[in-house]
Amino acid sequence: MDTIASLFSFITTPVSWVIVQFHKVYGALFGDNTGWAWGLSIVSLVILIRICLIPLFVKQIKATRAMQTLQPEMKKIQERYKNDKQRQSEEMMKLYKETGTNPLSSCLPILAQSPFFFALYHVLNSIANNETVGVINERLLASAQQAHIFGAPLAATFTDSAADAAALDASITTVRIVTAIMIILMSASQFYTQRQLMTKNVDTTVKTPFMQQQKMLMYIFPIMFAVFGINFPVGVLVYWLTTNVWTMGQQMYVIHNNPTPGSKAQAAYLERLTKHVTHHGKARKRSERVIIKAIVAKGRDRNEYERKFINGLSKAGLAAQADGTVAKSEGAVATMTEDGTPTTAAAPKRQQPKRQSKSQRQSGGAKQAGEPMSLKKSDEPEDAKPEDAKPGAAKKAGPKPGSGARSKAQSGQRKGGPQRPKSPSKK
């Protein structure tokens with residue numbers, strides 16, 4: 001570890017300078033030689049580094065999502081060229097280039113953080129060996145050696161002997177208890193972070209070898225931290241425990257607000273989003289509009305949870321728009337029940353007229369279906385006598401079926417219109 005730390009000695013001076021600056025602030029509050037001053041200086045160093053690495057963390061999330069999306073295509077390539085490893089690698093690189101995906105992007109935060117980690121280890125190891133390093137002079141060196149965190153010196157390790165602990169004015173039992181607790185917390189936080197990623201933020205509809213690798217790493221990383229942690233100084237354990245807690249909280253925030261499509265976290269997020277949008281009648285946050293816009297753009301490629309979200313809006317009388325906004329739907333009217341949950345009252349359907357029978361159509365449609373036919377005319381007086389009617393009235397009123405149309409056609413007359421003038425006969 002000393003050899004590795006010496007490789008990053010070029011960053012030792014900046015790291016020691018940052019620690020000293022924070023020590024000046026906390027030393028004025030808690031005292032220069034206290035463990036609080038030096039411990040909080042290391043915690044502040046972690047927070048400063050992780051804030052600077054937030055853009056890389058966002059890039060890591062995007063790269064991980066892209067890799068999860070490409071898993072089905074990668075599996076097809078592996079099956080197609082399983083006997084030709086070179087062609088398989090070429091097709092994989094071609095797929096990465098076409099989609100703009102970089103598998104190494106998911107490792108960027110760890111790779112970018114490693115120089116600071118080894119530089120801090122080199123600083124604390126120099127303090128344990130009573131050597132000045134970076135901007136830490138002899139006065140600051142003596143102050144750091146006197147600093148204890150819960151009774152354990154800043155530069156002590158779990159593997160130190162009783163003589164080494166006594167040289168740092170501490171008990172070997174106290175050192176081992178404190179370091180053991182910190183190693184357990186460090187490993188547990190790493191395990192929980194990885195488990196949270198696998199159980200909540202992974203698309204459960206796609207089973208790929210990538211998921212198996214993640215499950216293996218979920219157990220391998222905590223074991224690695226426990227094995228190497230016994231050689232870490234207390235100050236490095238403080239550094240690594242702080243960065244693990246930061247990563248866990250940062251990941252919880254991302255899973256809660258921007259989950260992976262198809263994961264359990266997305267199901268919970270869309271359920272919350274449905275209640276929020278139906279309550280307010282619109283998407284109030286920009287992040288919500290971005291999620292809704294992406295769901296609408298998928299069309300038929302939506303997963304089960306996204307289709308359920310769209311249907312939930314429809315039942316509430318709302319419709320998601322292509323720009324991510326939400327508008328009232330024209331096909332449904334939203335109502336609220338007594339408990340405040342939205343329900344949908346469908347718009348009344350247009351009633352189609354009943355089809356008339358042949359006899360009704362021939363009678364002019366004067367009678368509605370189901371009404372009894374009357375033998376008397378409605379406009380004829382009851383006291384009218386048969387002799388008052390004209391002899392030709394019956395003929396004009398109702399010609400025989402088929403005879404009237406034929407006679408009019410033969411005479412050249414139009415139905416219900418003006419008579420066509422007869423052309424002069426040619427002599």
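Me: What makes a contact a salt bridge in this predicted model?
Reply: A salt bridge requires a side-chain nitrogen of Lys or Arg within 4 Å of a carboxyl oxygen of Asp or Glu. The model under discussion is predicted, and by this rule the count comes to 2 salt bridges.

Me: Why is the meeting of the R87 and E91 side chains called a salt bridge?
Reply: The distance from N to O is 3.1 Å, and the cut-off is within 4 Å, so the pair qualifies as a salt bridge. Both residues belong to helix α5 (residues 85–99), where they are 4 residues apart, about one turn of the helix.

Me: What makes the pair K298 and E306 a salt bridge?
Reply: Their side chains meet at 2.8 Å, N to O; the limit is within 4 Å, and therefore this pair is also a salt bridge. E306 is buried because its relative accessible area of 2% is under 20%. K298, at 30%, is partly exposed.

Me: How do you know whether A119 is buried or exposed?
Reply: A119 has 0% relative accessibility, which is under 20%, so A119 counts as buried. Its place is in helix α6 (residues 108–128). A119 and I11 are 108 residues apart in sequence and 6.2 Å apart in space, C-alpha to C-alpha.

Note on methods
Residues numbered from 1 in each chain as written. Predicted model: local features only at pLDDT ≥ 70, side-chain atom pairs only at ≥ 80, totals over all residues. Heavy atoms only, no water. Helix = DSSP H or I, 4+ residues; strand = E, 2+ residues; numbered from the N terminus. Buried < 20%, exposed > 50% of the residue type's maximum accessible area, 1.4 Å probe, protein only.
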